[in-house]
Amino acid sequence: MTKSYYDILNISEGASKKEIKNQYKKLVKMFHPDVNSSLEAEFLFKEINKAAEVLLDDEKRKNYDSLRKTDSKKHSFNDLFKKKDIKPKKGDDIFVEVEINYQEALLGTYRIVNISQSSICPKCQGRKFANGTICPYCKGIGEKTTNKKITVKIPAGLKNKTKLRIKNEGKEGSTSILNGDLFIIVNIESNSELRIIDGTVYCEAKISPYLAVLGGSVKVSTLWGEAMIKIPPLTKANQSFKLVNVGVLDTKTNKKGDEIVKIIIETPSSITDEEYRLYEKLRDINLKKKNGKYI
């Protein structure tokens with residue numbers, strides 16, 4: 001409903017001319033463009049002048065009061081029929097993004113999220129000023145914003161960009177049961193080392209030529225940290241090995257799956273003179289072994 005001129009000046013309907021003048025002067029000092037340059041103050045200043053112009057003129061005030069009474073009767077009459085049609089308004093939803101890693105996505109985890117919720121100022125009821133001054137509670141905004149921390153449970157086995165809905169934790173609606181909802185968008189960190197296909201984890205292990213020939217061990221990444229894998233002598237490029245009990249956890253059986261490690265043999269980007277001579281020696285031995293033919 002539109003504010004009455006009495007509400008704008010924050011005076012009673014039976015206020016005397018003197019009271020109206022005093023209140024008008026008080027408000028002008030607060031919202032005059034020379035004192036307050038905000039857009040809100042500019043709007044209020046115009047409303048204050050308009051209200052004072054009518055209420056300080058006896059004839060205009062009489063007509064205004066008469067129209068208000070007629071208006072009030074019309075509203076009361078119409079409200080009898082329209083009351084049932086009034087629908088409460090639901091508050092807006094809030095969207096927050098959180099980031100988790102591969103392991104947290106598989107096992108589930110918790111995150112604390114910070115949200116800001118706005119509600120109508122309980123002090124001024126959204127009118128922005130009280131007792132002739134800017135509302136000290138909401139600073140003249142008409143709304144009060146509160147910051148809130150919510151602990152969110154992120155279930156196991158989520159996919160990237162999954163939305164989790166928490167009811168009634170959005171912005172305030174016209175009733176407490178019609179608040180908006182809070183949506184948590186879960187982003188899973190990309191992992192360049194590990195890939196998961198149909199529940200099996202895949203990765204690559206880069207080793208040197210001498211390790212491929214002589215054998216040894218190398219560290220590889222898993223969902224649960226690093227693990228050592230044995231490299232047998234004469235391992236070939238692109239050969240694969242299986243690591244058990246380091247893969248995806250099956251929440252039903254509480255058992256971990258497998259990880260397949262593919263071997264990549266890396267050629268060194270630079271070598272010393274001694275290494276060069278050793279490679280030449282290996283080449284010559286190999287040529288002699290194969291009757292002078294490159295294999």
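The expected span of a helix is 1.5 Å times one less than its number of residues. Helices (at least four residues) and strands (at least two) are DSSP runs, numbered from the N terminus.

The structure is a predicted model, in which local features need pLDDT of at least 70 and side-chain atom pairs count only at pLDDT 80 or more, while totals for chains, interfaces and linings use all residues. Residues are numbered from 1 along each chain as its sequence is written, and side-chain values use heavy atoms, with hydrogens and water left out.

**Helix H2**

Helix H2 comprises 15 residues (17-31) and should therefore span 21 Å; its end C-alpha atoms are 21 Å apart, in agreement. Ile20, Gln23, Leu27, Val28 and Phe31 of H2 are buried (under 20% relative accessible area with a 1.4 Å probe, protein chains only; exposed means over 50%, and partly exposed lies in between). These residues cover an arc of only 140° around the axis, so they lie on the same side of H2; the arc is that of the directions from the helix axis to the C-beta atoms. The face turned away from the buried side carries exposed Lys18, Lys25 and Lys29.

**Salt bridges**

A salt bridge is a side-chain nitrogen of Lys or Arg within 4 Å of a carboxyl oxygen of Asp or Glu. The whole structure contains nine salt bridges, including those tabulated here.

| Pair | N to O distance |
|---|---|
| Arg68 and Glu13 | 3.2 Å |
| Lys148 and Glu169 | 2.9 Å |
| Glu226 and Lys219 | 3.8 Å |

Arg68 is partly exposed, at 26% relative accessibility. Lys148 is also partly exposed, at 32%, whereas Glu169 is buried, at 19%. Both Glu226 and Lys219 are exposed.
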